[in-house]
Amino acid sequence: MLLPELKLRRDKIRSLMAQHEIDAALITCNVNLIYTYGRVVSGYLYLPLHAPARLFIKRPNNMVGEYVHPIRKPEQLPELLMECGLSIPSKLMLEGDELTFTEYNRLAACFPQTEVVPCGTSLIRKARSIKTDMEIEMFRRSGIAHAKAYEHIPSVYQPGMTDRQLSVEIERLMRLEGSLGIFRTFGQSMEIFMGSLLAGDNAMNPSPYDFALGGRGLDPSIPIGVDGSLLQPGQSFMVDMGGNFYGYMGDMSRVFSIGRLPEKAYAAHETCLEIQEAVAEKAKPGVVCEDLYNIAINMVTKAGLADNFMGTTQKAKFIGHGIGLEINEMPVLAPRMKQELEPGMVFALEPKIVLPGIGPVGIENSWAVTEEGVEKLTLCKEEIVEV
């Protein structure tokens with residue numbers, strides 16, 4: 001990755017550090033290393049407030065550069081900093097919400113005279129919530145590849161398939177278009193493979209994970225997504241594969257039908273499209289996230305579909321979420337979320353309805369907040385496609 005881009009990202013973090021009178025950050029978690037160094041390594045990126053960043057690396061051992069230094073263990077950090085002509089920081093931030101208890105304490109113990117604060121995760125996530133021009137371009141490119149894969153979905157469906165068999169074929173389409181496969185989320189409470197395919201009443205099954213819709217899953221160890229059910233005529237199925245083509249988690253859901261659906265399914269789907277249009281029209285810098293959520297709730301209630309919106313027995317309490325290097329970044333379009341949209345934010349908007357006996361309908365697209373409004377980043381047919 002180009003150094004000017006990395007400097008721009010690092011300086012966003014430095015600006016937040018300065019507000020909290022933090023002298024340096026020690027970054028070691030994968031996603032934050034991708035953001036600040038451009039790749040995953042085993043080691044530590046030391047980010048001083050007023051000096052160039054330095055990488056202290058354990059693996060791989062073939063990386064060299066003016067600001068790259070080999071290291072075997074974190075206890076070497078203070079000595080190596082002094083050898084580089086850097087003073088020991090008075091206040092150092094660590095990624096407190098991501099490091100294990102043991103690792104956090106070990107790193108903190110390396111700096112016994114330093115005030116160590118755990119706010120690294122929150123400050124870096126805040127910096128990451130405002131994307132650079134290059135990051136938004138990665139989303140645009142991902143959206144193109146994502147749409148190409150989805151366009152071929154009707155061609156891989158065969159009568160008599162289970163949801164699992166179809167999901168495997170769609171995952172293959174995604175990989176052929178360049179998907180990296182991994183589905184990154186923040187925190188330890190959500191796990192999924194490449195995304196989900198939800199067909200028929202399986203979309204009603206609640207999940208322990210905070211996704212918009214659940215699914216029973218194939219095994220209690222991963223209780224989400226396909227459950228091996230036979231796909232039936234008159235069912236809808238929703239494809240929601242993570243669009244990770246360049247490290248950035250683009251988000252797009254589309255609905256397909258096996259034969260013709262009852263008319264109420266098309267009416268409910270149209271309601272979701274109308275919600276998307278209304279929210280996108282309202283969304284712009286300065287708009288409060290909760291207000292966008294309320295637009296959706298008011299519209300779906302007026303349509304008489306509130307009981308089926310964002311789930312049935314267990315409802316998701318949001319209609320959208322920030323995306324980036326992880327699928328669940330800021331902002332969140334949800335009740336009591338007073339955060340205002342800012343230019344450079346990127347979020348997924350996903351109004352969805354589940355109809356018993358039929359399946360899921362609705363839409364999900366990725367959007368970038370501009371100075372004037374929002375830009376749709378995922379461009380693909382939005383009507384229900386019959387297979």
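Predicted model: local features only at pLDDT ≥ 70, side-chain atom pairs only at ≥ 80, totals over all residues.
Numbering starts from 1 along each chain as its sequence is written, and side-chain values use heavy atoms, leaving out hydrogens and water.

**Stop 1: the two domains.** Colour 3-127 as domain 1 and 130-386 as domain 2; these bounds come from an automatic or database domain assignment. Their centres, taken over C-alpha atoms, are 35 Å apart. The contact (heavy atoms within 4.5 Å) takes 14 residues from domain 1 and 13 residues from domain 2.

**Stop 2: the interface.** About 1,100 Å² is buried between the domains, 57% of it on carbon and sulfur atoms. Buried area here is the accessible area (1.4 Å probe) that two parts lose on being put together, summed over both. Now select E5, V31 and R125: in domain 1 they lose the most area to domain 2, together 49% of what that side buries.

Show 3-19, 30-37 and 120-128 next: helix 1, helix 2 and helix 5 each supply at least two residues of the domain 1 side that touches domain 2. Helices (H or I, at least four residues) and strands (E, at least two) are DSSP runs, numbered from the N terminus.

Stop 3: Look for an open, antiparallel sheet of five strands in the order 12-11-13-16-17; strands pair if DSSP finds at least two bridges between them. Strand 12 and strand 17 (374-376) stand at the edges with a single partner strand each, so one side of each has no neighbour in the sheet.

Zoom in on 320-322 and 329-333, where strand 11 and strand 12 pair antiparallel over three bridges. A hairpin of six residues joins them. G322 has E329 as its bridge partner, while H321 stands opposite V332.

**Stop 4: a loop.** Finally, select N205, in the loop between strand 7 (195-199) and strand 8 (236-244). Leaving aside residues up to four places away in sequence, N205 touches G214, G215 and R216.
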